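Q: I have a structure open and want to go through parts of it. Can we take it piece by piece?
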Amino acid sequence: MFPLPPDTAAHRLVEPVVGTASAPDRTALIHAAQSIRREIARTSSERDRAAALPSEPLALILSSGLGAARVPRLYGGSGASFRDLAEIIIHLAAGDASVGQLVQPHFIFLERVRLMGSEAQRRRYLAAAAAGAFFGNAMSETGGTRGQWATRLTAATDGYRLNGRKFYATGTLLAQYTFVGALTPDDRRVLAVVPTDRAGVRLENDWDGFGQRATVSGSVVLDDVALAPDEVIDLAPWERRRHHTGAGSQIIHCAIDAGIAAAALDDAVGHGRGGARATRDSGVEWAREDTTVQDAVGDIAARAFAAEASVLHAADILDRASEALYAAGADRAPEVELLLVEASLAVAKAKIISTQAALRAAERLFDVGGASGTARKHNFDRHWRNARTHTTHDPLAYKFRIVGDHLLNDCNPPNTFTY
């Protein structure tokens, strides 16, 4: 068998005090997210047009302490809940959907290190995030089937070597580290945590999607990159144990979609109150007095409200499951399994609602003010492009199916990293 660091799962959830560094509390985190939302919304259209690197928004996020929101206080972070994180992401995505997605891999990597990493890895990477480090991802690849990886980790006299090519590497162009999905020679799945300035790492800004244009989701090329044993996390044990990090990843995606719906509402209200023209048949002077415009804005508002409410409710359920899992450690009681299943199902339902809300809100925006809303100066179409691009990550048909299968046949969601 390919040599990997020993599995220490029985000890991984015991978190000794590492430090008591001051970090923002919940109120400060939400206030910072609201402030950043307003700031980045002013420049979001320009970033979309230019597919510009969101360096300044990311600097605001990291300097405010938001990057360590879910890092436990024992490691210098804020110890925020998933509900807090979901609210933060909704605000960021409402300001700029690309920025909301930019930070998604960072947060889920930290969650997986906390759960699946060794104590030394937690001390290193969680503390680095608390000090302002940013983590991108290099998980997906083009080609192959069913998300299979061709990237390989092989043994070397001084550790390991990593070779492969990744795409959709969201955040990595601006990150100090990227986490890379790879296979060992005996096909065990691992995460390799790679400093982006290490020899053999090449980053390419070649993302060309029509939406989420500023997520910097380009390519990462890995050419015989040297790794130490403590830079590798074995995922194989967690492919057999139900955990919360798939639902944790999905709740952030839900929050991004809820943020897109909120952004469409912001522009619908602004345009309806400002420059929108009333149609000839309305019989009124101002668009805001037109009942059809009122209907459109009310529809968008209701969908944005429903998306946010469902996301925050699912996040509450996810909090109960994750807290139970961390408290249980290696003692996997049946009630913990039930909480994890409940969380996966709740997040799947929130994903259905938030996806539909983002797409429909972005479409209905164009019922406010008629043809004037299509002027390029507004760039209102970015909301639909962002929603359509982002929601392709997780086809809703599978979410509907797992919810229905559970209700009809008592089948639990798949035990994967996406539920």
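Q: Which residue in S5 does Ala 182 stand opposite?
A: Ala 182 stands opposite Val 190 in S5. Strands here are DSSP runs of E with at least two residues, helices are runs of H or I with at least four, and both are numbered from the N terminus. This is a predicted model, in which local features need pLDDT of at least 70, side-chain atom pairs count only at pLDDT 80 or more, and totals for chains, interfaces and linings use all residues. Residues are numbered from 1 along each chain as its sequence is written, and side-chain values use heavy atoms, with hydrogens and water left out.

Q: In which sense do S4 and S5 pair, and over how many bridges?
A: Strand S4 (residues 177–183) pairs with S5 in the antiparallel sense, over 7 bridges. Two strands count as paired if DSSP finds at least two bridges between them.

Q: Which strand do 3 bridges join to S5?
A: That is strand S8 (residues 232–234), and S5 and S8 run antiparallel. Leu 191 has Ile 233 in S8 as its bridge partner.

Q: Why is S5 described as largely enclosed?
A: Of the 7 residues of strand S5 (residues 189–195), 6 are buried, so the rest of the structure largely encloses the strand. Buried means under 20% relative accessible area, exposed means over 50%, and partly exposed is in between, using a 1.4 Å probe and protein chains only.

Q: What about the hairpin of S4 and S5, how many residues are between the strands?
A: There are 5 residues between them. Asp 187 is in that loop, and its phi is near 65°, a positive value in a residue other than glycine. Asp 187 has 48% relative accessibility, so it counts as partly exposed.

Q: And Val 216, where does that one lie?
A: Val 216 is in the loop between strand S6 (201–204) and strand S7 (219–227). Its phi is near 45°, a positive value in a residue other than glycine. With 4% relative accessibility, Val 216 counts as buried.

Q: New topic. How many residues has the largest nonpolar core?
A: It has 99 residues, and Leu 66, Ile 89, Phe 135 and Ile 251 have the most contacts inside it. Helix H9 (residues 291–328) gives the most to this core, with 17 residues. Apart from it lies another core, of 17 residues, including Ala 182 and Val 190. A nonpolar core is a set of buried Ala, Val, Leu, Ile, Met, Phe, Trp, Tyr and Cys residues joined through side-chain atoms within 4.5 Å.

Q: What is Phe 135 in contact with?
A: Leaving aside neighbours within four places in sequence, the contacts of Phe 135 include Pro 105, Phe 109, Tyr 125 and Val 193. Contact means heavy atoms within 4.5 Å.

Q: Last one: which residues line the largest cavity?
A: Ala 247, Gln 250, Ser 344, Val 347, Ala 348, Lys 399, Thr 418 and Tyr 419 line it. On a 1 Å grid over the protein atoms alone, a cavity is a set of points where a 1.4 Å probe fits but cannot get out, and lining residues have an atom within 4 Å of a point.

Q: Which helix gives the largest share of that lining?
A: H10 does, with 3 residues. H8 and helix H10 (334–364) each supply at least two residues of the lining of the largest cavity.

Definitions and conventions
1 Å grid on protein atoms, 1.4 Å probe; cavity = no way out; pocket = protein on both sides within 12 Å on 5 of 7 lines; lining within 4 Å.
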